[in-house]
Amino acid sequence: MSMPKYGESVSAQAGAYLEWCEYVKRMTPATILTKRKALERFLRVVELDDFAHLTNTQFDAWRATLAKEGKSGKTINNYSDHVACCVKWLKSYCKLEVALDLEIIVRAAEDDPEIVIYTEQELSRALAACVGPRDALILSLAFQSGLRLSELTTLRVQDIDGLAINVLGKNRKRRRTFMREDTREKLDKWLTLNEISEGYIFPSAVRYDWHIHKQHITNIIKLAFERAGINKRVHPHALRHTWFTVMLDSGAPLMDTAIMGGHTDPATTKRYYHVSPKRHSEIHQKFIPTANELGTTRSVDKRPQELL
């Protein structure tokens, strides 16, 4: 892999960076695709012949364009981060003197995201509304295992070990999560019915030796909830939110939940304590005295360890 130099086209410089991400850092195909899309969007808008000439004025103007298009603060920051990472690489690895000063870039304000979770009754109705065994298997796996959409899409037969699922997740980090017996039965029936003994569990219907598209799985899940008459925002990642919430509500240790869910920092998992009405209600009822209990001795010896 040759390093880009002064005078090379921005497309060549961006291409060299993506090659480095893929072959040196060994980032996942999903990450590479996200970076490629962000860089292509950037280069379509910003008139630039060499990254060395990129200025903060141009960079801020591009971000303003994203805001005018209605992109959220989080999306703007994500796109900006991908471009900034490319610039950092050009500066540090290629010794390219870039005019852009990354230190003075101000991040866009991000709204506190709404975390959607589904009740057990809603999940049951959605499963009953699934069309065919594949759709029911996809929904069951997504909820019971806490898999990300990209992980579910690329799941292979060899990743399954009994009830365990060996996952190659974000940043190529491996972890182990699980399914329940009923989902394993659905999986075995699906594999037998379609004579799948290796490769992708959900193969593409239009491309040989490839997996189902992420949008296809998203549509499957949305259709199930729509048929069930559930009036909530539906996205596969909401099933992952639900998995974390159910695990913590049921008393699963925070660290174990973080490891199975693929969170490097348990602080990321902790936020699900704050979106659980059931957990908050139970804690409130346990610790806040009624009018008749005021002034009496109330035992708090059974407080959950994570609250101590």
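Student: Which residues do ring pairs link into a cluster?
Tutor: Tyr 17, Trp 20, Trp 89 and Tyr 93. Keep in mind that this is a predicted model.

Student: And how many aromatic pairs are there?
Tutor: The count comes to 13 aromatic pairs. Take Phe 42 and Trp 62: their ring centres are 4.9 Å apart and the planes are at 85°, so that pair is edge-to-face.

Student: Where in the chain are those two?
Tutor: Phe 42 is in helix α2 (residues 29-45) and Trp 62 is in helix α3 (residues 56-68), 20 residues apart.

Student: Buried or exposed?
Tutor: Both Phe 42 and Trp 62 are buried.

Student: OK, what about Tyr 200 and Trp 210? Why is that pair edge-to-face?
Tutor: Their planes are at 75°, and over 60 counts as edge-to-face. The ring centres are 6.1 Å apart. Tyr 200 and Trp 210 both lie in the loop between α8 (181-193) and α9 (214-227), 10 residues apart.

Student: How accessible is Tyr 200?
Tutor: Tyr 200 has a relative accessible area of 11%, so it is buried. Trp 210 is at 32%, which counts as partly exposed.

Student: Which charged residues sit over those rings?
Tutor: The charged end of Arg 156 sits over the ring of Tyr 200, 4.2 Å from its centre. Over the face of Trp 210 you'll find Arg 207, at 4.5 Å from the ring centre.

Student: Switching topic: what's the secondary structure of the protein chain?
Tutor: There are 13 helices and three strands. Of the 308 residues, 40% are buried.

Note on methods: Residues are numbered from 1 along each chain as its sequence is written. This is a predicted model: local features need pLDDT of at least 70, side-chain atom pairs count only at pLDDT 80 or more; totals for chains, interfaces and linings use all residues. Side-chain values use heavy atoms; hydrogens and water are left out. Helices (H or I, at least four residues) and strands (E, at least two) are DSSP runs, numbered from the N terminus. Buried means under 20% relative accessible area, exposed over 50%, partly exposed in between (1.4 Å probe, protein chains only). Rings of Phe, Tyr and Trp (its six-membered ring) pair if their centres lie within 6.5 Å; planes under 30 degrees apart count as stacked, over 60 as edge-to-face and the rest as tilted. A charge sits over a ring if NZ of Lys or CZ of Arg is within 6 Å of the ring centre and within 35 degrees of the ring normal.
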